[in-house]
Amino acid sequence: MRVTIIEDEEILLDILREKFSREKFEVSVARDGEEAVPVISEAKPDVILLDLVLPQKSGFQVLEELKADSELKNIPVMVLTNLGQEEEMRRALQLGAEDFIIKTQYPLNVIVEKVKNKIKKI
Amino acid sequence: MFKPITALEAVLSLIAFAAISFLGLGVYLRNPRSWTHRLFILLAIILDAYIGVNLISLHPLPPTQASQLFWIRNVMFLAALISPTLFLLLHTFPRNEIQLRKRYLAAVFVLTAVSAVMALTPLVFETVRYPRGEPVPVSGAGMPLFFLHFAGFIVISFVVLLVKQFRSRGEERAKNSYLLFGVIMTFSMMTAFTIVFVVVLKTSIGVFLGPIVPVILMASIAYAVVKHRFLDIRPVVARSVSYIFLVITVAAVYTATLLVSAFYLGKSSLDIRTLAVGVVLAAGIALTFPFLQTFVRKLTDKLFFRGVYDAQKLLADLSRAMSATLDLDELAKKVLTLLAKEMRVSKAAFLLADRHKIIDAKGVGYGEAGLKAFKDSPLELLFHRKPDSEPPAFIFQDLSDEALKNIFRQYEIEILMPIRAEEDDRAILVLGHKSSGDTYSKQDIKVLDAFVPGVGIALQNARLYTDLQLASAAKSRFISVVSHQLRTPVSGMRWNLEMIRQEKLRPAQKRAFLGNAYQGVVFLGEQLDDILTALDIYDKKLTANKVLVDLPAIFSEVLEEFSGMIAAKALTVDSDINHDSKQILAEATKIKKVIKILVKNAVVYSPAKGKVIITAHAETALDQKKRTVVSVIDEGMGITEPERRHITEEFFRSDQARVMFPSGLGLGIFIAQAFVGAHGGSLWFYSEGRNKGADFHFSLPSE
């Protein structure tokens, strides 16, 4: 199982990486919007966890680029963010995100379960 | 040999003399202080003299050869004055001051003086001979020079007019074309009558027509000079023509009917039947007259007022357009396109103002660069000047201030109207020249006057609507940013604590996760502090409890806090505190916060390997009070001109700042300024623009 985590907050990135590694995931990470697509192209993950508020390029822009890329567009993207307004949620889903998770609302275990379920469905 | 004056000659000369005098005086009296008008009357005087002397030269008194030669030479003397005067007039037109430089003016005078004096000597005309009984002057050696001077100035005048025609726009161009017409007509005729006939064909046959020629010139110049919407003669001409049509039609019908009836009845005497026909006819005329009149008037209106629109309909269309949208761009475009199309105006724009400064321009025909140029234009000065005309408008052709006229020329404006709403100047309407080159009519001005108050309200509404949209977007962005900033540390704390509770960890790992959770708490506290401080600032509760504070200690504490980020970006930090400002009078927490905000911005927005300089020194301000100035200087992303206005506003973050560091509340400079203000100090900044670095300074009073 491979997951790419795109997250700019070092503290959150650390803990997500640690947790997913413990759950036997092969974890790759990107810290800003610019790095995201090259890292994903390289890692070919089963699922992408994408933050929306990112330096250089926003998560929305990354999502657009992923969906425009014929090789990457089929990798499920789960938005993992602390934004949570209706408008932001609708926009992310419209752009092709499969899930919109607000970080504060879920324990890590549940987030890992959601990712695993997504991979099982494929 | 010497013929007496004929009646035709006398009458023609008299008419020309009277017409030129009338035009000259009429134009001069309209504006005696203008050099265009002064040169016009000067030319009129010279031409009057020319006509008189020309007449005498043809019928000399006493009738001798010597006397005729004397008068002919005087004609040439006056001819020498005509072309340079005309040149000066055309060069000056339509300005009030002579535009020619002094040394060129002197050259014109000297050349003319030489040519004029030469005309009185045998150099131009040696003598006059009488082959076939007609007087024919014999050219002297100086004739080519004289001719060169005369024709030279005509040619230069012509060139001046052509250049002006090419450079001028709208109404000035239209006026200029009258001048061109006059000059071409006059000098081709004059050359034909006086030069070609006399010098080449050696006959004075056409000379008697000479007097009429200058009338054409003077009439076209006069019309160009005084052309004005109040002198629009079209309505009078149109009405006269319509009545002539009417009379001709009625007379034709009446006569034809009488003739036909007389033919059929075979009688010319007036009996009861003829009378009946007459009565019926009269009744017919009386009944059909109004309809006929309307028809003929419509016909002539079509001929003479082809470009004229229906004012009522235009105003109704305009008000419909104004109420159709609240979008500022769309409103401006719709309204101005309609106005420009109906009035046949080449360009039109709204200049939007904020506190008497032009901040934006929306329009049609001026192009993007043209509209942009309005923003730095001196036109905003007009907010402090009231037009003295009624209705209140600045109309190019009525302006007396030459400097203002030049501004209008530069920005291609023919009419400017301030637009007021809620008792304040909110915008300016500017209109360019008419595509036809016509002047604006009285009807145009009336329509504009009726249109301006309504559009003032419409523009105001559109701007309020835009502001509301911006405010709503700002609010939405604020909620988004605040929720993100508060949730981020909470999610960090939650997940770290979850790990500690649920996973099997080594003691060192446990400590690390606990440390992360603690960092989250600190971060959350800071974010809450900033938001609450911003609320405090709104309520203006801020004061500073000043004590002696150790500035070097604060500097090193702040730099220590950012040491991780500084190392990560490999920044060089120079800190220099002058010995005179090691101890300052301030509230430690507030001043530390200010320095922290400025240093954090410098570090976050610096490029890798950039340099940050932090200094403090004491100085005496302009008001002789001692103060300490702290400066934080970086080589980072800098501040652009449009961002400068907003940098101290709460929640403002530049686009570039969002790209480089997306998670920020945009409260830093807002709080820093308020904290410095609470100390009685001030905060200012300087940046040459994007990626040119920024200097932030704040001062604290030393006593």
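Analyst: A salt bridge here is a side-chain nitrogen of Lys or Arg within 4 Å of a carboxyl oxygen of Asp or Glu. Side chains of opposite charge can pair when their charged atoms come close. This is a predicted model: local features need pLDDT of at least 70, side-chain atom pairs count only at pLDDT 80 or more, and totals for chains, interfaces and linings use all residues. Residues are numbered from 1 along each chain as its sequence is written, chains are lettered from A and ligands numbered from 1 in the order in which they are written, and side-chain values use heavy atoms, leaving out hydrogens and water.

Over all chains, the count is 33 salt bridges.

Start within chain A. A:Glu71 pairs with A:Lys44, with the closest N and O atoms 4.0 Å apart. A:Glu71 sits in the loop between α3 (59-68) and β4 (77-81), and A:Lys44 in the loop between α2 (33-43) and β3 (47-50), so the bridge ties together parts 27 residues apart in sequence. Helices (H or I, at least four residues) and strands (E, at least two) are DSSP runs, numbered from the N terminus. A:Glu71 is exposed, at 59% relative accessibility. A:Lys44 is partly exposed, at 38%. The classes are buried under 20% relative accessible area, exposed over 50%, and partly exposed in between (1.4 Å probe, protein chains only).

Next, chain B. B:Asp574 and B:Lys611 form a salt bridge, at 3.6 Å from N to O. B:Asp574 is in strand β9 (residues 572-577) and B:Lys611 in strand β11 (residues 611-620), 37 residues apart. B:Asp574 is partly exposed at 35%, and B:Lys611 is partly exposed at 32%. Elsewhere, shared partners join A:Glu18, A:Lys19, A:Arg22, A:Glu23, A:Lys116 and B:Glu503 into one salt-bridge network.

Now the crossing pairs. Between chain B and chain A there are 2 salt bridges. B:Glu503 bridges to A:Lys19, with the closest N and O atoms 2.4 Å apart. This pair runs from the loop between α14 and α15 of chain B to helix α1 (residues 10-22) of chain A. Both ends are buried: B:Glu503 has a relative accessible area of 18%, and A:Lys19 has 1%. B:Glu503 also bridges to A:Arg22, where the closest N and O atoms are 3.5 Å apart.

Finally, the surroundings. In contact (heavy atoms within 4.5 Å) are 27 residues of chain B and 28 residues of chain A.
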